[in-house]
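The following report describes selected features of a two-chain structure.

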Amino acid sequence: MAGLADRLRGDGPDLDILGRRRLWYGLSLALLVLSLAGLLGRGLNLGVEFTGGSVFTFTSASATVERVREAAAGAIRGSGDGQVIVQRTGAHGWRVTTGLTSGDRQSDERVEHVRRAIAERLGLPPGEIGVQVIGASWGGRVTERAALGLAVLLAAVIGYLSFAFEWRMALAAVAALGHDLVVTAGVYAWTGFEVTPATLLGFLTILGYSLYDAVVVFDMIKEVTARLGSTGKMTYTQAANRALNATLVRSLNTTLVAILPVASILFIGTTLLGAGTLRDLSLALFVGMIVGTYSSLCVATPLLAALKEREPRYAALARRVAGRDRALAGAGRSAGPATTAHKRRKRQS
Amino acid sequence: MLVMAAPIVQQRAFVPRYGLDLAGGTTVTLSPVTPDGSRPSRESLDQAVEIIRDRVNGSGISDAETVRSGDTIVVTVPGRGRQEVLELVGTTAELRFRQVLAVAPARADAAGAPTPSGTPAASARPAALPHPSGGPVPGPSPTAPASAGPRASPGAQRDDPLAGLDLTGIEPALVEEFRRVDCSARARGQGVPDDPGARIVACSQDGSSRYILDRAAVRGTDVRNATPAVDPATGEWYVSAEFTDAGAAAFARVTGRITGLPEPRNRLAVVLDGVVVSAPAIREPVVGGSARIGGDFTRESATRLARQLRYGALPLRFERGTVEEISSTLGADQLRGGLIAGGLGLLAVVGYAMLYYRGLGLVAVSGLVVAALLTYLSVALLSAYAGFRLSLPHIVGLIVSIGVTADSFIVYFERIRDGLRAGRPLHVAVETGWRRARRTILVADAVTLIAAVTLYLLAVGGVAGFAFAMGLTTLIDLAVVFLFTKPLLTVLARVRFFAEGHRLSGLRRPRRTAAGARPAPRGT
């Protein structure tokens, strides 16, 4: 670890990331196909917030699954919806999910009835049992708003990046972002983690994070490639690769620094609190951040390079560089493209 | 920072106020539903918030909070049970105009204090002066409100409050209900929507009188607009209501029908949520499409009535999205969990920064500490002055943005190292690195801000809190980097420990720089 840190700190890495773009494309394509298969085949495990229902939460050291289930199922029986899910959360935490939703006075009373039944059975004061009732249409509403938020956010960010950088960068960043979302959703589909509004929130945050990361990399690329045309020693792709290496330390550091707090929320959320906002959110962030870092390095940048190489002046530059390399190679293989020369020099020192 | 700290010390508001998910209590989220499924306008939502706030606060629940969040309305009541809150906000406020069929003072025994027998109910409430729209107040000049009182003789009231009332044509069951109705507090039926197609028994807002009212003649949706106004001649406050075309026709019909009827049947009650807000006598048919509702209004009560009329005009219904009741123990658990997670996260980041950046890590850590202090001060200030309540999504947002804040340092530090690698002296690298890092930080933070603002505006429920925390910390991050980290590094660059690249400073010159400074290596 210390060795790696020293190497990163000292020289800065020199990895040919863009040269292996086929590998990354293949990997990403495989991930996307796998994710889509999971999403279509298995589907997401939607929480009660999306399906409508009620959740009773309480802590009790003496309760057992059987007793809790009996109390809740007994109280619900006769009201049409008999489904009861009992979960343990944290050390003594309990979470009972039922299909009872809110709406009219009657259903309010039914929910109250279940709560009292559980309280009586376990000898708890009713006030110690938290109740959350979610209307049947609430999930649709949340999803709708999230989708709208996503659309507006994407439009705003594409607009801003086109203004601050250029449209190709905006396009590459947003493509990477779509990649992150699909893959993260795929992870949820395959693992069967519950999707709650907090998870959606996490997804939306990943957007911000993924874009932030791509912006920092692109900023460096812009700086390195600004002086390209004059020298004619490097293609756009090679220059982008150099920029990528220059920000690699930062990218990895940033990811680590961002994941550390998220991991601590995930840890606390899982061990101390069990199911809940903290765990759902941090899990989505945890998965999304890892995918996001990978994509800003290995998806966004190769895509950007591919887009830029289509521009006439960079295509011409690539031809010039290729011609120069051939000439040099013919002259005695003394020097290659900048990257290779760079590497060789490093090996010598 | 001292400027921010002073009011906090003064107010002793050291601990921010907590949201319900941390303190325990009930949250009800209401989603508006329009008849045609379109998005409700922001104004109508804001008005709905005002009305619901009036209703909840008016019920004596203290510390309740009603806010608009995106296009939902969130009502939070700390420490209260679900049932109680639901009763208050679960129903839609409905406004109706109904003809008064009978009126009597509230039952003395039920009202708590005996009603002075000589005070007829309606004298406390208003006489109304409907006027055609447009021109100045025409026709009947304001007369003494007392003239509107019912003609029940004080003597008769003592024995039977209903004696002397004209109850012809009213169903016996209704009369019986009228006889029994208790106008004190709860039983007033506040919050219970009245059936517009039926005659009802209702009480006045102050609980001093009871009414039998005819079917609704005009409904709240028939009101186009209502504004409080003051009569320039008398200086009295009144409410000017303007009707839609259908409403104007209906209003003209009912006022035409009841004008000239004997007291109290010539009075038209304004009923909101089943409560009689005012019941003015109609002296002439109102045909102009607008009416003037007068009475003993103050500026506040006129403004409130106008608002209630406008609310009645809102084509909005509310559906309950979620109802969440969090016990105080669960809230405390969540708060503890959030704080531990935040502390742990901060510690991990500090540890990593020290390990990786060594001396520079100290700069990063002190920057984080300053940012944390600023965040704490902002939260405490907002909580003391702007009604901000710290909730779980806020805490998560704050913890997550530790990463964003730390990243600004990392971007800058890496730029400085780039400069050192290129052979620049430290004090130069600090400046050139800053120029480049500044741009990156600005662009990246702008993207985060765009994301935060979008989420905040469009979000439902907890998302807004999270987005708010993200936006706040991004701004704080900018402030810290520009006003603290950069100046600090400029100063440190002159300190020998850093300038000479001490082994522990984190600014040691990489060996390759030296190699790069040598003539290029010869070929093989």
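Where in chain A does A:Gly43 lie? The residue is placed in the loop between α2 (21-41) and β1 (45-46) of chain A. The model is a predicted one, and every value below is computed from it.

## A loop glycine in chain A

A:Gly43 counts as exposed because 12 other C-beta atoms lie within 10 Å, and a residue with 12 or fewer is classed in that way. The C-alpha atoms of A:Gly43 and A:Tyr188 are separated by 8.8 Å, although the two residues are 145 residues apart along the chain.

## Helices α6 and α7 of chain A

Two packed helices are described by the angle between their axes and the distance between the axes. For helix α6 (residues 138-164) and helix α7 (residues 167-191) of chain A, the axes come within 7 Å and cross at roughly 145°. The crossing of α6(A) and α7(A) is right-handed. On the α6(A) side, the residues in contact are A:Leu154, A:Ile158, A:Leu161 and A:Ser162; on the α7(A) side, they are A:Trp167, A:Met169, A:Ala170, A:Ala173 and A:Val174. By class, eight residues of this contact are nonpolar, one is polar and none is charged.

How far apart are the end C-alpha atoms of α7(A)? They are 36 Å apart, which agrees with the 36 Å that its 25 residues should span at 1.5 Å a residue. Helix α7(A) is mostly covered, with 18 of its 25 residues buried. Just after α7(A), A:Gly192 takes a positive phi of about 75°.

## The strand barrel of chain B

Strands β4-β6-β5-β10-β9 of chain B form a closed barrel of five strands with mixed pairing. Neighbouring strands of this sheet are turned by 55° against each other on average, with direction ignored. Strands of a sheet pair through backbone hydrogen bonds, either parallel or antiparallel. Strand β4 (residues 95-105) of chain B runs antiparallel to β9(B), and five bridges join the two; B:Arg96 stands opposite B:Val271 in β9(B). β9(B) also pairs with strand β10 (residues 275-278) of chain B, in the antiparallel sense and over three bridges. Here B:Leu272 has B:Val275 in β10(B) as its bridge partner. Strand β5 (residues 200-204) of chain B and β10(B), by contrast, run parallel and are joined by two bridges, with B:Cys203 opposite B:Val275 in β10(B).

Is strand β9 (residues 268-272) of chain B mostly covered or uncovered? It is mostly covered, since five of its five residues are buried. In a regular strand the side chains alternate between the two faces of the sheet. Both faces of β9(B) are covered: B:Leu268, B:Val270 and B:Leu272 are buried on one side, and B:Ala269 and B:Val271 on the other. Helix α8 (residues 245-258) of chain B lies across β4, β6 (209-219) and β9 of chain B and runs at about 135° to β6(B).

Helix α10 (residues 328-357) of chain B has 30 residues. From its first C-alpha to its last it reaches 43 Å, close to the 44 Å expected at 1.5 Å a residue. Just after α10(B), B:Arg358 takes a positive phi of about 45°.

B:Ala341 has its place in helix α10 of chain B. Why does B:Ala341 count as buried? The reason is that 26 other C-beta atoms lie within 10 Å, whereas 20 or more are enough for that class. Leaving aside residues up to four places away in sequence, B:Ala341 touches A:Ser264, A:Ile265, A:Ile268 and A:Leu278 of chain A, together with B:Ile399 of chain B.

Chain A contains 13 helices and six strands. Of its 349 residues, 50% count as buried. Among the contacts in chain A with a separation of 6 or more, 76% involve residues 24 or more positions apart.

Chain B contains 16 helices and 12 strands. Of its 524 residues, 48% count as buried. Residues 24 or more positions apart make up 74% of the contacts in chain B with a separation of 6 or more.

Conventions: Residues are numbered from 1 along each chain as its sequence is written. Chains are lettered from A and ligands numbered from 1 in the order in which they are written. This is a predicted model: local features need pLDDT of at least 70, side-chain atom pairs count only at pLDDT 80 or more; totals for chains, interfaces and linings use all residues. Axes are lines fitted to C-alpha atoms, for helices over the stretch in contact, and angles run from 0 to 180 degrees between N-to-C directions. Helices (H or I, at least four residues) and strands (E, at least two) are DSSP runs, numbered from the N terminus. A crossing is left-handed if the near helix is turned anticlockwise from the far one by less than a right angle, and right-handed if clockwise. Two residues are in contact if their C-beta atoms, placed from the backbone, lie within 7 Å. Ala, Val, Leu, Ile, Met, Phe, Trp, Tyr, Cys and Pro count as nonpolar, Asp, Glu, Lys and Arg as charged, and the others, Gly among them, as polar. Two strands pair if DSSP finds at least two bridges between them. The expected span of a helix is 1.5 Å times one less than its number of residues.
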